[in-house]
Amino acid sequence: MKTVPFSTPSRRPRMLLLAALCALVVGGPVQAQAPATSIAAAAQDSSIVLTGKDGWLFPAWGSLTEVDTAAVTRNTALIAEAERALAAAGVKLQVLVLPDKALFYEDRLPDGKRLGDAVRGRYALELDGLNKAKVPAIDALQVLRQVKQGGQDVFYRSDQHWTQPAADAVAVAVAAKVKEQVPTLAGQAGSGMALGSEIKERRFGDLAELFLTDEQRKAIGRDTFTVRRQAEQQSLLDDAPAPVHVTGHSMVQPYFGFPQKLSNALDRPVSVNWKPGNVGHWVMLLEYLESNEFKQNKPQVLVWQMFEPSYPQGPDARGQWDNASIMTPEQWKARLHKALGQ
């Protein structure tokens with residue numbers, strides 16, 4: 001894993017952001033993906049996407065009614081083991097579970113489609129499990145509900161990803177939690193990212209771009225994405241080590257502004273590694289812990305981002321993660337402890 005600017009699509013597989021990296025991705029964001037078994041079929045079958053009211057699009061590869069509660073419990077235990085292992089290595093963990101788009105826009109689902117009570121309660125189930133396991137976690141659902149109540153969208157209409165106001169609000173909440181965990185962060189005051197001016201981009205959201213036909217895509221239309229420019233006073237690279245690291249999937253890629261806002265709120269550099277969603281949060285954590293960057297500069301706080309609908313899917317969830325990411329829970333735990341020298 002190398003620290004590189006993220007200004008070109010050719011660097012899409014994985015990036016590491018320091019506080020002084022530019023905030024604008026030329027050519028748009030890396031797109032989240034459907035489960036591995038679904039992508040090939042998507043070119044012929046747009047039923048992978050639910051087309052709701054007013055052109056709102058939703059992923060169709062998860063159940064709207066059923067939750068594997070036993071799997072939630074098993075995966076919470078794995079996350080708790082990671083928290084204890086990191087603590088033994090001197091790193092505090094903070095889990096960031098981001099809620100499902102449909103929780104906020106159930107009224108935009110297609111006629112006849114509604115969330116079941118189990119799915120409506122899934123986020124609370126996951127968060128409650130983390131709290132009982134004494135794993136620090138942000139209630140992002142409540143934060144984002146406040147954003148929506150304030151009159152701002154929290155997800156883009158034809159995209160799986162959150163809006164900049166949503167990412168900003170969660171970043172501020174995460175920063176507050178980080179300061180509770182570590183009142184004095186390493187590094188120099190003034191080393192956080194200065195936020196640049198905003199620009200608007202008109203383009204198709206990823207659900208429309210990836211999974212709809214040309215005709216369907218034109219009928220849905222483009223969305224307006226808000227993106228920050230790089231602040232003029234900032235250089236492309238900053239060698240200052242980051243006391244906070246974020247690992248996750250495409251929701252935390254710099255295009256949507258989360259790591260920049262977190263760095264700004266903490267006034268310290270923030271680094272990040274991420275890949276699109278069908279790789280999974282399990283392997284993303286391992287890749288970071290096994291990297292030279294972690295060995296050479298352990299952060300004080302590690303923010304591990306995951307997604308509410310995929311929380312029940314463990315490291316062995318075949319058909320959900322790509323084949324290279326699949327491993328048994330025992331293999332995952334073994335790699336975790338080995339990476340931490342335990």
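**Close-up 1. Arg217 and Asp214 both sit in helix H8 (residues 214-220).** They are 3 residues apart, about one turn of the helix. Helices here are DSSP runs of H or I with at least four residues, strands are E runs of at least two, and both are numbered from the N terminus. The model is predicted, so local features need pLDDT of at least 70 and side-chain atom pairs count only at pLDDT 80 or more, while totals for chains, interfaces and linings use all residues. Residues are numbered from 1 along each chain as its sequence is written, and side-chain values use heavy atoms, without hydrogens and water. Arg217 forms a salt bridge with Asp214, with the closest N and O atoms 2.7 Å apart. A salt bridge requires a side-chain nitrogen of Lys or Arg within 4 Å of a carboxyl oxygen of Asp or Glu. Arg217 counts as buried, at 12% relative accessibility. Buried means under 20% relative accessible area, exposed over 50%, and partly exposed in between (1.4 Å probe, protein chains only).

**Close-up 2. Arg228 and Asp168 meet in a salt bridge through their side chains.** The N to O distance is 2.5 Å. The pair links distant parts of the chain, 60 residues apart. Arg228 belongs to strand E6 (residues 223-230), Asp168 to helix H6 (residues 164-181). Arg228 is buried, with a relative accessible area of 7%. Asp168 is buried too, at 13%.

**Close-up 3. Asp111 and Lys53 form a salt bridge between two loops.** Their closest N and O atoms are 3.0 Å apart. Asp111 lies in the loop between strand E3 (92-98) and helix H3 (117-120). Lys53 lies in the loop between strand E1 (49-51) and strand E2 (57-59), so the pair ties together parts that are 58 residues apart in sequence. Asp111 is exposed, with a relative accessible area of 68%. Lys53 is partly exposed, at 30%.

**Close-up 4. Asp100, Arg122 and Glu308 are linked in a network of salt bridges.** Across the whole structure, a search finds 13 salt bridges. The protein has 12 helices and 9 strands. Of its 342 residues, 58% count as buried. Among contacts with a separation of 6 or more, 78% come from residues 24 or more positions apart. Contact means heavy atoms within 4.5 Å.
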